Every structure is written in structure tokens, then in C-alpha cells.
Amino acid sequence: MSSIPKRYELLEDTSNAIPALEKLVQDLMQHLERYVTNVKAEKERIAELYRLMQKIEAEQAKQKLQFEDEQREKEELQRKMQNIEVKQAKQFEDYRKEREELQRQMQILLKVIEEKDKVLEEKDKDMRQLKDARAAAERMVQEPQHEVQNKKTQT
């Protein structure tokens with residue numbers, strides 16, 4: 001009886017009992033309809049929250065995969081950069097060695113050129129001496145012929 005409102009408790013007049021019970025049933029039905037409506041609304045809110053949670057979880061999973069992909073890309077780029085740096089260091093070392101070899105070869109060539117210049121100078125000197133000797137020899141040959149001709153013309 002305590003759950004029934006006081007106004008519906010034992011009525012002295014039973015003639016009003018049926019309408020009072022009908023009113024009580026009607027009130028209970030309205031209360032039950034409001035309760036069912038509220039429960040449906042709560043169920044819809046729970047379903048909406050559940051869908052939202054699923055979307056969030058899916059987005060989180062997508063972002064996690066995207067992050068992992070970006071991390072892999074970053075690691076791959078770092079590996080490529082390291083490979084490039086290693087190649088550049090090797091190329092630099094190769095170029096340095098090549099430059100040193102070229103400098104060494106240039107020094108050798110300069111020495112060869114200097115030696116060739118000395119040889120050419122000596123050959124030029126020898127050629128001048130030979131020309132001078134030839135000229136002197138020709139003069140010596142021509143002088144006696146000149147003397148012979150002069151003697152012929154004198155006689």
C-alpha cells in the first residue's frame with residue numbers, strides 16, 4: 001500500500017473506487033510510457049555513444065597505422081640518407097685519392113718536362129756548336145779554294 005499514493009488508498013466510498021483505480025492505472029500507464037520513452041531515448045543515446053566510440057576507435061586505429069607508416073617512411077628516409085652520406089663520403093675519399101694521384105702524376109710530368117727541356121737545351125747547344133763547327137769547316141774549305149783561285153788569277 002505504501003507504493004500507492006495516499007489519495008488512492010482505501011476509499012470510504014467504493015463507488016469511487018473503480019474510477020480511482022482507472023485513474024491510478026491511467027497514471028501508471030502514463031508513467032510507464034514516459035519510462036519506456038526515457039528508456040528508448042537512453043538506448044538511442046547509448047547506441048549513439050557506442051557508434052561514436054566505434055568511430056573513435058576506428059579513427060584511432062587509422063591514425064595508429066598512419067603513424068606507423070610515417071615512422072616506417074621516416075626510418076626508410078633515414079636509411080637512404082645514411083646510404084647517401086656513406087656514398088658521398090666514399091666519393092669524397094675517392095676524389096681525394098684521385099686528386100692526390102693526379103698531383104703526383106703532374107709532379108712526375110713536370111720533372112719529365114724539365115728533363116726534356118734540359119735535353120732540348122743541350123741539343124740546341126750541340127746544334128749551335130755543330131752549325132758553328134760546320135760554318136768554320138766551310139770557311140776553312142773555302143779559304144784554301146779562294147787562295148787557289150787567287151793564285152790562279154795572279155799567275
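## Arg-96 and its partners

Arg-96 is partly exposed, with a relative accessibility of 27%. In this predicted model, the side chain of Arg-96 forms a salt bridge with that of Glu-93, with an N to O distance of 2.2 Å. Glu-93 is likewise partly exposed, at 27% relative accessibility. The two residues lie 3 residues apart in helix 1, so about one helical turn separates Glu-93 from Arg-96.

## Further salt bridges in helix 1

The count of salt bridges comes to 10. One of them joins Arg-51 to Glu-48, whose closest N and O atoms are 2.7 Å apart. Arg-51 and Glu-48 are 3 residues apart in helix 1, and therefore about one helical turn lies between them. Arg-51 has a relative accessible area of 43% and is partly exposed; Glu-48, at 44%, is also partly exposed.

Glu-138 and Arg-134 form another salt bridge, at 3.2 Å from N to O. Arg-134 counts as exposed because its relative accessibility is 59%, and the cut-off for this class is over 50%. Glu-138, at 39%, is partly exposed. These residues are 4 apart in helix 1, which means that about one helical turn separates Glu-138 and Arg-134. Elsewhere, salt bridges with shared partners link Glu-93, Arg-96 and Glu-100 into one network.

## A negative surface patch

Glu-114, Glu-115, Asp-117, Glu-121, Glu-122, Asp-124 and Asp-126 form a negative surface patch. Within this group, Asp-117 is located in helix 1, which covers residues 17-154. Asp-117 is partly exposed, with 39% relative accessibility.

Conventions:
Residues are numbered from 1 along each chain as its sequence is written. This is a predicted model: local features need pLDDT of at least 70, side-chain atom pairs count only at pLDDT 80 or more; totals for chains, interfaces and linings use all residues. Side-chain values use heavy atoms; hydrogens and water are left out. Patches are made of residues with over 30% relative accessible area and no salt bridge: like charges are joined within 9 Å, nonpolar side chains (Val, Leu, Ile, Met, Phe, Trp, Tyr) within 5 Å. Accessible areas come from the Shrake-Rupley method with a 1.4 Å probe; for residues, only the protein chains shown count as cover. A salt bridge is a side-chain nitrogen of Lys or Arg within 4 Å of a carboxyl oxygen of Asp or Glu. Lys and Arg count as positive and Asp and Glu as negative; His and the chain ends are not counted. The place of a charge is taken as NZ of Lys, CZ of Arg, CG of Asp or CD of Glu. Buried means under 20% relative accessible area, exposed over 50%, partly exposed in between (1.4 Å probe, protein chains only).
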